[in-house]
Every structure is written in C-alpha cells, then in structure tokens.
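Reader: Let's go through the pocket and the cavity. Can you keep it short?

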Amino acid sequence: MIRTILFDVDGVLLSEERYFDASALTVWELLHSKNYLGLESNQFKIVLNDEEITSIRNTVFQNDQVLKFFKSKGLNANWDMIYLTFSFQLIHLLEQVVGEEKENISKWLTSEIDRSVLLEIQESLAQYKATINYDEFISEFQNAKANSKEDLFDYLNVLVEQKFGIKTNLFSEKNHLWSVCEHVSQEWYVGDENVLSSTGRPSVQLGKKGFLSDEKTLAKPEQIGQLFQELTDAGLQIGIGTGRPDLETIKPFEYLNWLNYFDRNHIVTADEVLEAEKQHPSYAPLSKPNPYTFIQAEKGKQTPIASCLKIDLPLENGDQILVVGDSLADLLAARDMGSRFAAVLTGLSGKEARKEFEEHQAEFILDSVLDVKGIVLENVRKR
C-alpha cells in the first residue's frame, strides 16, 4: 500500500528543455568565448533568441542524440553532461596540434585544468587551425564499455592514452574543469541576479538573464497543484528528490504556487547530495542512480546524513514508497531502495522511452504525472 510519493522534477513536473538549452550554451561558450578557448570568438554573444538557441543546441548535442546517449547510460546531471561533452572537444582539439604542442599537452592533461589553463590553451590553439567536431562524440563513445558516470569519465582518460600516449587520471572525477563547466552553466540558467548565491562566485560573463523565470511545466500548473492537493488530502506524504540545486527547485515552485503543498524537510536537491558527498567522500558519488536523494527525501532532512548512508537496503517499508521519475537513473535508484516506480513519458525521449522502461520492468508507465492520481488513490481506497 502506497503511503509516500517522491517526485523527480525534470521531465516529470518541469520540462528539461531549458536545462538542455543552458547546457548547450555552456559548451558553446567554453569553446568560443575569449574567456575560455576563444575559437572563432566572433560567433559568441550573450543575447540570443529562441531560434538561435535551438540551432546551437542542435549542433552541440547533434539533435539531442548526445543527450539521449547520456540518458541511456543512466547519466542524469546536466553538469556531468556538459563536462563530458566539453572535455571530449578539448581532447579532440589538442589532438590536432599534438605535433607542435606535445610538451604543453602532456602538462595540461596531467594536472588540473582551471580557467587560467584554458586561457593558456587558447593562446596555443590560436596559432593553428584546430576545428571543433561535434559529430564525433557518439562514434567515439560507442566504443566505450561504459554503463555509469564513472565509466564515462574514465573513458576520457582512455582516449588521452590512445591519442597522446599519456597516462592520466585527470578526468576520473569532479575537478577544477568540472567546476568551470558548472559555473558557466549556472550563469546561463540562473542569470546574473542569482549567480553569486547559487555558486558562491561572481559571474565571469555578465549580461545573462537566465531561464528561472521561463520554466515550462509538463501539465498545466494548476492541474499539478490539484494533484498535490488531492494526494495530501488523502493522507499521503509527498516529497521531492531532484538533481536540481535548491535555488532552481524552490524558486520555480514558489512562482508556480506549488511550494505550500510540501514539507520542505522532504525536498532534497543536489545541494543536499553535494553536502553529503563533502561530509562523507568515501560514499561519493551520491547522485542518481545512487538512491541517496530519494532516501533522504523519504526520511526527511532532519535525519542525519550518516543514518541515510548506512541504512539497510532495500528499505523495510520500500513497498509503501512510490518514486515517480522519467529516467533510467530514477528507476535504478528506486529499485535499490526496494520502492515501487512509476515512469512518466514526458522526459527527453518522450514516448520512445516506453521500450526501455518495459525492458527494465517498470511497474507503472504513465503518459503524464497527472496519471499518478489514478494508481495511487486506487491504492488508498483499498486500505
């Protein structure tokens, strides 16, 4: 009998489109802006219309085929997608100048890469005619035996060894370059007004409005609000387990009048996950498909992090919990918890995701988050 429902956000309640737009713009900026690699810098600008944004996204992510590849590998964090996409392009660019810059490349690929190093690389690349090639990503990574984020990160190291004969662990985990990618992404997504509070660092590139005021819901906002109302009226506990940061969850929920349906103690975001990784690094990574996000959302943020990390799985009351998500990462996290799972077909792959969810034996496959009401309230009536 279901007593608790834990919702993912992106692809379930809110569209992922703006996140994917911001992710593409981030890779594009890192490659073209003079603040980073500065290739064909005359192409870079910060005021773009929707048509221009769509064109950049289609180029960077190859009409979303790269994004779908990431999703198929259980990768759920946009910052990781950006890091992998940009790092691959960086390796590809350096491969074109290895004859002239072998010594520098060896230095760059065996130590941390921050923005100052990217500016060094920009200066070197400016002497040659290195070109970006977005369409090689999938063909290269199809050779990788990668079924997790860690495998994908490690494959970048494999490519470095194959292309340069250099052994490195540079790309194995989050590092300075990952942090650069994250910061540029936050500039695009939250805009100038919120960058400092979001990242603790000021903007490198000013003038970005952000997308927080332009969120797209996956059903009418009032219909989703009514769903939350009916579930709580029926005595169910509802919570959120999302890979979004706190700011990007709470602000839209406030704007859409959804926040008052939730106990904020049961809203767990990427901020809580990052804090847990900071306090207990031996358990990292804790982002989905690790079930930590949903475990903390179910137990509540008043529950000590260590208790959530050390809890026995599957959960004793797992069959009373329904996780509602749109990705394989959500399904795998729910399965580790021993909870039930409802897949909604409103994520990146849309209805095409049905086959994957069927192959992984998702208990429920729904066209919309609004359909949760039917399966859950039926359970309630059977009490």
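Reader: Which helix gives the most to the lining of the largest pocket?
Author: Helix 13, with 5 residues. Helices here are DSSP runs of H or I, at least four residues, numbered from the N terminus. This is a predicted model: local features need pLDDT of at least 70, side-chain atom pairs count only at pLDDT 80 or more, and totals for chains, interfaces and linings use all residues. Residues are numbered from 1 along each chain as its sequence is written, and side-chain values use heavy atoms, without hydrogens and water.

Reader: How many residues line the largest pocket, and which lie nearest its centre?
Author: There are 15 lining residues, and Lys-174, Leu-274, Glu-277, Ala-284 and Pro-285 lie nearest the centre. Helix 8 (149-164), helix 9 (176-190) and helix 13 (270-279) each give two or more residues to this lining.

Reader: What counts as a pocket or a cavity?
Author: Both are sets of points on a 1 Å grid over the protein atoms alone. In a cavity, a 1.4 Å probe fits but cannot get out; a pocket is open, with protein on both sides within 12 Å along at least five of seven lines. Lining residues have an atom within 4 Å of a point.

Reader: Now the largest cavity. What is its volume?
Author: About 360 Å³. Volume is the space filled by probe spheres set on the points, which are joined across faces, edges and corners.

Reader: Which residues lie nearest its centre?
Author: Asn-76, Ala-77, Gly-243, Arg-244 and Ala-270, out of 27 lining residues. Helix 13 supplies the largest share of this lining, 4 residues.
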